[in-house]
Amino acid sequence: MALTDAMTSPSRLSALPVELQKDIVELLDIPSKLALRITNWQFSSLIKPPTHQDLLAAERSAWAMTRRLFACQDCIRLRPSREFADAMKKGPKGLNGKEPHKRFCIDCGLHPKPRTTRYSPGSEMEVMGRRYVICKFCKMYTSEVGCVGSGLCGDCHASCGCQCGPTSVSMAPRSGSSAKKRKRARQREYEDEWDLPECYDEHFWECYDPAD
Ligand SMILES: [Zn+2]
Ligand SMILES: [Zn+2]
Ligand SMILES: [Zn+2]
């Protein structure tokens, strides 16, 4: 059953006996369940919070795929594509990879839970095709990257005396027209990305604490 069937009349649904509501809810797919869950307290108590497994199933639904939503193993939310490093959305951690369950969002990577290792100072990553670094010196997370592999932000890189010169990667022009073309193609890809509507609030998913 699709979201719209239930969502057009959540009030009529809530007027039904609870047992019947439960039966109907069971027929809903995961995105619909979760959407219904946040419409009112009645449904939020009726419908269990999503587990990481639920979200891993949900991220493969057409609904999540058109919106480019991905599950994070740490905050147990479906978050928009831009909240993840590119490497988290392809290869092993991609939708069709072997370990999408190991994917975590940038926020969780920067602020890991105790006893978990995520991003550490010196980590470099690409987000929506743009390079970021967690500077190993000043610990800042920034797109002002020193030279690739330096693990430094532009400022720290400039003052460390690296022989490659002060130009940061983001400022250095890529040589060759094919690189330019690639870049343009990549930009187009991201512009095409489904613009999340005003009504999408990822905090909707903040309803489950895996520590519970
Ligand atoms: Zn997260
Ligand atoms: Zn720095
Ligand atoms: Zn350098």
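Author: Let's start with one spot: the backbone nitrogen of Ala-71 lies 2.8 Å from a polar atom of the side chain of Glu-59. A word on what you're looking at: this is a predicted model, where local features need pLDDT of at least 70, side-chain atom pairs count only at pLDDT 80 or more, and totals for chains, interfaces and linings use all residues. Residues are numbered from 1 along each chain as its sequence is written, chains are lettered from A and ligands numbered from 1 in the order in which they are written, and side-chain values use heavy atoms, with hydrogens and water left out.

Reader: What makes the meeting of the Glu-59 and Arg-103 side chains a polar contact?

Author: The distance there is 2.7 Å. A polar contact is a pair of N or O atoms within 3.5 Å; within protein, one must be able to donate a hydrogen and the other to accept it, and residues adjacent in sequence count only if both atoms are side-chain atoms. So the Glu-59 to Arg-103 pair, at 2.7 Å, falls inside that limit.

Reader: Why is Glu-59 called buried?

Author: Buried means under 20% relative accessible area, exposed means over 50%, and partly exposed is in between (1.4 Å probe, protein chains only). Glu-59 comes out at 1%, so buried it is. For orientation, Glu-59 lies in the loop between helix 6 (52-58) and helix 7 (62-67); helices (H or I, at least four residues) and strands (E, at least two) are DSSP runs, numbered from the N terminus.

Reader: Which residues does Glu-59 touch?

Author: Leaving out residues up to four places away in sequence, Glu-59 touches several, including Leu-69, Phe-70, Leu-78, Leu-95 and Pro-100. Touching here is contact, meaning heavy atoms within 4.5 Å.

Reader: How do you know which residues hold the zinc ion (ligand 1)?

Author: Donors are N, O and S atoms within 2.8 Å of the metal (3.2 Å for Na, K and Ca); water is not among the atoms, so sites may look incomplete. The SG atoms of Cys-72, Cys-75, Cys-105 and Cys-108 sit at 2.2 to 2.3 Å from the zinc ion (ligand 1), so these four pass. Cys-72 is in strand 1 (residues 69-72) and Cys-105 in the loop between strand 2 (77-80) and helix 8 (106-110), so this pair links distant parts of the chain, 33 residues apart. Cys-72 is buried at 0%, Cys-105 is buried at 0%, and Cys-75 is buried at 16%.

Reader: And what makes the arrangement around the zinc ion (ligand 2) tetrahedral?

Author: The angles do. Four donors count as tetrahedral if all angles lie between 85 and 135 degrees; four count as square planar and six as octahedral if opposite donors are over 155 degrees apart and all others between 65 and 115; anything else is irregular. Around the zinc ion (ligand 2) the angles are 100 to 117°, which makes it tetrahedral. The four SG donors there belong to Cys-135, Cys-138, Cys-153 and Cys-156, at 2.3 Å, and they follow the spacing C-x2-C-x14-C-x2-C. Cys-135 lies in the loop between strand 4 (130-134) and strand 5 (141-142) and Cys-156 in helix 9 (residues 154-159), so parts 21 residues apart in sequence are tied together.

Reader: In what order do the three strands of the open sheet come?

Author: The order is 3-4-5, with antiparallel pairing. Strand 3 (124-127) and strand 5 are the edge strands: each pairs on one side only. Strand 4 and strand 5 share two bridges.

Reader: What makes helix 4 (residues 30-37) largely enclosed by the rest of the structure?

Author: Six of its eight residues are buried, so helix 4 is largely enclosed. Among them are Pro-31, Leu-34 and Arg-37.

Methods
Two strands pair if DSSP finds at least two bridges between them.
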